[in-house]
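Hello,

Here is the structure I said I would pass on. Please open it beside this message, and I will go through what turned up.

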Amino acid sequence: MYGISEVITTGFALFAMLFGAGNLIFPPILGYELGSNWSVAAFAFILTGVGIPLLGLISIAITGRSIHNFADKVSPLFSKFYAIALILSIGPLLALPRTGATAYEVTFFHAGYTSSSLKYIYLGIYFAVALVFSLKPSEVIDRIGKILTPVLIIVLVIILTKGVFFNDLPIIEKTFNLPFKKGFIEGYQTLDALAMIVFSGVVLTTIRNGRELTKKQEFSFLIKTGLIAIFGLTAVYAGLTYIGATFGNFELVAGAQRTDLLVKISSTLLGKFGYVVLGVCVAGACLTTAIGLIVSVAEYFSQLLKISYKKLVIITTIWAYFIAIFGVNFIVVISVPILIFLYPMSIALIFLNLLKIENDKVYKGVVLVTGLIGLYEALGVAGVVLPEQLAKIYDVLPLSNLGLAWVLPALIVGFLCGINKKIAK
């Protein structure tokens, strides 16, 4: 069995695993852009940034699947390519370089140190440190993370308390079409649903922590710890979105972008010293995340490609360095079409596994239709001109105004595939 203290401790551990310092830049800009529509957008953001990742963890705990066989029921070949796409997304393509770019912009760039040479030096030192600790894992970096993360959370609590309860700035009325869709898709940027599929084994091992639990007890334990993590993350994301909305008509932040807005909000609410503490904590937390990502990417591809771990660590780090140079906004822009393509399939696979669907045809049909609709949306966001006939078909799909155009077609195709197998029998 387990006690309430274990549930609370493990719940906070799960919160820390899902809570990425780099994710702090997304909720404030969401509220800033949407103003009076902030609550709808925050709810949608929390669905994809918190709810779906935890459902993914539960589905993996129930089925016992990992990234290596998460999509096997579609086909082993698809499962391999799907796993590679996830690893690349949370690694060298998106999340890894974003940690460096976020650390630089929060600590130096928005403090007025904007020269290109300084950026190259800063990022060079950042990724060099990440490289060293990735080649020779050490407890030092873990200890740094265990110190910085609690300090970061304390600073955030102060920001949230001042920004929510002691903030006289009014939320201005703004007209914004499709606020739910905006928040839902912005939640993709947390990358937590994809990361949860990749790191599920590590997360579950940490949660179980050697406990001897029955399946029923483990499920109960996981739900309780998950609720604690959900509450914590919801408070952080909703609070930061609300604070961003209150700064919508504040001249100091006029025209601010993601990292810039976070810096200006923290400077306004905490003063210069508070901003410095926040910047150091964010940079440190981003660094520990970067090391974990480099190690995971190198270990995965060293087994897959039979290339030495050391070479892959070096290649991954150098690649991330060059992408990070382009900055956070560039990385976010290139990530949107990639995530719009990957997320519908990932959410569908999470639910199929969660529901313990055993029919392979259902998996194939659902992933095919979600993949095609996701591809159409991704190409549209990327600026590719598509035939008008496709646009007409897409426009009549229910829930397209919520960013969920794939849901009903997936349900229909899944149902038909299931019925087809029964008829064949």
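Before the details, one convention: helices here are DSSP runs of H or I with at least four residues, numbered from the N terminus. Please also keep in mind that this is a predicted model.

**Salt bridges**

The count comes to five salt bridges. One of them joins the side chains of Glu358 and Lys73, at 3.3 Å from N to O. Glu358 sits in the loop between α13 and α14 and Lys73 in the loop between α3 and α4, so this pair ties together parts that are 285 residues apart in sequence. Lys73 also meets Asp360 in a salt bridge, with 3.7 Å from N to O. Asp360 belongs to helix α14 while Lys73 is in the loop between α3 and α4, so here the parts tied together are 287 residues apart in sequence. Taken together, Lys73, Glu358 and Asp360 are linked in a network of salt bridges.

How buried or exposed are these three? Lys73 is buried, with a relative accessible area of 16%. Glu358 counts as exposed at 54% relative accessibility, and Asp360 counts as partly exposed at 32%.

Asp260 counts as buried at 14% relative accessibility, whereas Lys264 is partly exposed, with a relative accessible area of 23%.

**Aromatic rings**

Searching the whole structure gives 18 aromatic pairs. In one of them, the rings of Phe43 and Phe180 have their centres 6.4 Å apart and their planes at 50 degrees, so the pair is tilted. Phe43 lies in helix α3 (residues 38–63) and Phe180 in helix α8 (residues 179–186), so the contact ties together parts that are 137 residues apart in sequence. Phe180 counts as buried, at 15% relative accessibility.

Compare that with Phe78 and Tyr82: their ring centres are 5.9 Å apart and their planes are at 15 degrees, so this pair is stacked. Both are in helix α4 (residues 76–93), four residues apart, or about one turn of the helix. Phe78 is partly exposed, with a relative accessible area of 22%, and Tyr82 is buried, with a relative accessible area of 3%.

Phe43 and Phe180 come up again in an aromatic cluster, which they form with Phe184, Tyr188 and Tyr343. Elsewhere, Lys174 lies over the face of Tyr32, at 5.2 Å from the ring centre.

**Cysteines**

How many disulfides does a search of the whole structure find? A disulfide needs two cysteine sulfur atoms within 2.5 Å. For Cys286, the closest cysteine sulfur is that of Cys281, 11 Å away, which is too far for a bond. Cys286 is buried, with a relative accessible area of 1%. Cys417 counts as buried too, at 17% relative accessibility.

**Loops with positive phi**

Most residues other than glycine have a negative phi, and two residues are worth a look with that in mind. Lys356 is not a glycine, yet its phi is positive, at about 55 degrees. You will find Lys356 in the loop between α13 (328–354) and α14 (360–381). Leu399 likewise has a positive phi, near 70 degrees. Leu399 lies in the loop between α15 (388–395) and α16 (407–424) and is partly exposed, with a relative accessible area of 37%.

**Surface and one last contact**

Leu408, Leu411, Ile412, Phe415, Leu416 and Ile419 make a nonpolar surface patch of about 560 Å². Ile419 is found in helix α16 and counts as partly exposed, at 32% relative accessibility.

Lastly, Arg208 lies in helix α9 (residues 192–208) and is partly exposed, with a relative accessible area of 29%. Arg208 and Leu222 are 14 residues apart in sequence, and their C-alpha atoms are 8.9 Å apart in space.

Key: Residues are numbered from 1 along each chain as its sequence is written. This is a predicted model: local features need pLDDT of at least 70, side-chain atom pairs count only at pLDDT 80 or more; totals for chains, interfaces and linings use all residues. Side-chain values use heavy atoms; hydrogens and water are left out. Buried means under 20% relative accessible area, exposed over 50%, partly exposed in between (1.4 Å probe, protein chains only). Helices (H or I, at least four residues) and strands (E, at least two) are DSSP runs, numbered from the N terminus. Patches are made of residues with over 30% relative accessible area and no salt bridge: like charges are joined within 9 Å, nonpolar side chains (Val, Leu, Ile, Met, Phe, Trp, Tyr) within 5 Å. Accessible areas come from the Shrake-Rupley method with a 1.4 Å probe; for residues, only the protein chains shown count as cover. A salt bridge is a side-chain nitrogen of Lys or Arg within 4 Å of a carboxyl oxygen of Asp or Glu. Rings of Phe, Tyr and Trp (its six-membered ring) pair if their centres lie within 6.5 Å; planes under 30 degrees apart count as stacked, over 60 as edge-to-face and the rest as tilted. A charge sits over a ring if NZ of Lys or CZ of Arg is within 6 Å of the ring centre and within 35 degrees of the ring normal.
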